[in-house]
Structures are given as structure tokens and as C-alpha cells.
Amino acid sequence: MSIQESIQEFNNRLTGSNCQLIAVSKTHPVALIREAYAAGQRAFGENKVQEMMEKQPSLPEDIQWHMIGHLQTNKVKYIAPFVHLIQSVDSFKLLQEINKQALKYDRVLDCLLQFYIAEEETKYGLSLEEAQQMLRSPEFKALQNVRICGVMGVATNTDSDEELQKEFRLLKRIFDTLHQEFFKDADYFKEISMGMSSDYQLAIAEGSTMVRVGSAIFGQRNYPSPSNQ
Ligand SMILES: *Cc1c(COP(=O)(O)O)cnc(C)c1O
């Protein structure tokens, strides 16, 4: 199937659902991003600052760039001028830096809090308790240039539907808890980013509003791209 056909198929599947496709273009050249763009795709995910920075200037301005990989505080400044959504906020220190850089560019940057939901020890993310502590703090409330729009999680790399379902449900529960406690009146707090090529159907069934799909659109990645470095 061509990239164009894959995008169309995803769009057909997602029409009428509350879920948006983020095309994960990491490791793939801009030519392939252009193909997806021609099929109408606007939201793209990258997991490395360097790669996103290199691709962004040569592509149309209405592309929405999603940072989905671990983000180091010293690199926030490079993407702050143009990034659409930072999905991988996993510490208060990082959020403070995002706020600082957003202020510099006179922007309010949309972010998701990344939660640790997997069995694997290598995944980044906050625990519910850490997030609650952060959201309750006066230091968080002082941040004027970031907006928390929801949650993100990376599930375990497993064939077990049962395990995946458990992890997706955990993230949904975290979302509901935070919504109830901190964002009841915030209509922007609505995103649950979960699901990838191998498990997006399960994720949608469990309430995903953003699936991050790479290989099912662009094919296998030719060189390893550790998703969380
Ligand atoms: C690479 C990546 C994806 C997409 O993975 P595929 O299996 O290619 O769909 C989704 N989320 C994150 C955080 C990633 O790093």
C-alpha cells in the first residue's frame, strides 16, 4: 500500500471517532512526509529535536509538529518557535524550561504529560502521584506560557492484548483522575495519546484521542531509532 493509501485508510477508519492520526515520520526523509502531506495529513510526530529541526524548514508551514520523544531541557529552545504539541513532558524541570522558551517567543505551548504505564523499565514518564504533586504546586500555577492538554503513554512492546488493555486503561484512569482534580473546567484538557502501529485499534477502543502511527504508514524504519532517547 502506498503512503497515500495508508493515510486515506486511516482517515476512513477514524472518521466519526474522537481520535486523530499523528503520522510518526522519524527516520524517514522529507520526500515521504510530502507524500503524506499530499494525502491531506498535517500532524507529524518526531522523537528527536535535531531531526525535527532539520525537516521543518523545508516543509509546508501548516504542518503540525508533535514532539513525541524524550526531550532534554537544553534542546527545548530549538523547537519552541514552531512546535505544535510537546507530548513527552516527563518532569517539572522540563515544563519550566518549555514555559521559559515559550515566553521568549510570545507563545503558549501546548503539552501532554507523559506517564509511565509500561512493564519495561526503559520508558520515560511520570507517575500519577508525581503529576498531582506538580499540578498542586504554586510553582506550576505560576507558569503562564504552557497549557496541559492531556496525557500520553507508551505501552509495553508485547503481543498480549490483555497487557496492552491494562496499560491503556491505566492511562485513561490517570486522565480521568487529573481531569476531575485539576481540569474540570478546562475544555482544552482532552487528549489521551496512546496507540501505535501494532496496537492502535485496542487504544482507540480504550479511549485514545491521538494514535501515533509510524511503520503502518511509512513502512519499516531502516535504521534503529531508539524511541526513547
Ligand atoms: C516511534 C514511535 C511511535 C510509532 O511507532 P510505530 O510502531 O512505527 O507505529 C509512536 N510513539 C512513539 C513515542 C514513538 O517513539
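Helices (H or I, at least four residues) and strands (E, at least two) are DSSP runs, numbered from the N terminus. The structure is a predicted model, in which local features need pLDDT of at least 70, side-chain atom pairs count only at pLDDT 80 or more, and totals for chains, interfaces and linings use all residues. Residues are numbered from 1 along each chain as its sequence is written, and side-chain values use heavy atoms, with hydrogens and water left out.

The loop between strand 1 (20-24) and helix 2 (30-38) holds K26. T27 is found in that loop between strand 1 and helix 2 too. An unreviewed UniProt entry lists K26 under "modified residue: N6-(pyridoxal phosphate)lysine". UniProt positions are given in the numbering used here, feature names are shortened, and annotations may be inferred rather than shown by experiment. K26 counts as buried, at 8% relative accessibility. Buried means under 20% relative accessible area, exposed over 50%, and partly exposed in between (1.4 Å probe, protein chains only). T27 is buried as well, with a relative accessible area of 9%. T27 is not a glycine, yet its phi is positive, at about 70 degrees.

The ligand is surrounded by 12 residues, and the closest are K26, S197, G214, S215 and R221. A residue is near a molecule or strand if one of its heavy atoms lies within 4 Å of it. The shell around the ligand divides into five nonpolar, four polar and three charged residues. Here Ala, Val, Leu, Ile, Met, Phe, Trp, Tyr, Cys and Pro count as nonpolar, Asp, Glu, Lys and Arg as charged, and the others, Gly among them, as polar.

Individual atom pairs detail the site. A polar side-chain atom of K26 lies 2.7 Å from an oxygen atom of the ligand. For S197, a polar side-chain atom lies 2.5 Å from an oxygen atom of the ligand. Taken alone, the ligand exposes 380 Å², and the protein buries 95% of that. Accessible areas come from the Shrake-Rupley method with a 1.4 Å probe; for residues, only the protein chains shown count as cover.

R212 belongs to strand 8 (residues 210-213). M210 and R212 point one way from this strand, V211 and V213 point the other way, and all are buried. Strand 8 pairs with strand 1 in the parallel sense, over four bridges. Two strands pair if DSSP finds at least two bridges between them. R212 is the bridge partner of I22.

Strand 4 (residues 85-89) is largely enclosed by the rest of the structure, because five of its five residues are buried. Two bridges join strand 4 to strand 3 (residues 64-67), and the two run parallel. In this pairing, I86 of strand 4 is the bridge partner of M67. Strand 4 also pairs with strand 5 (residues 109-115) in the parallel sense, over three bridges. There V89 stands opposite L113 in strand 5.

Two further loops complete the description. D106 is found in the loop between helix 5 (92-104) and strand 5. D106 is exposed, with a relative accessible area of 71%. Its phi is near 55 degrees, a positive value in a residue other than glycine. Q41 has its place in the loop between helix 2 and strand 2 (43-46). Q41 counts as buried, at 5% relative accessibility. The C-alpha atoms of Q41 and E54 are separated by 19 Å, and the two residues are 13 residues apart along the chain.

Notes
Polar contact = N/O pair within 3.5 Å; in protein donor to acceptor, adjacent residues only side chain to side chain.
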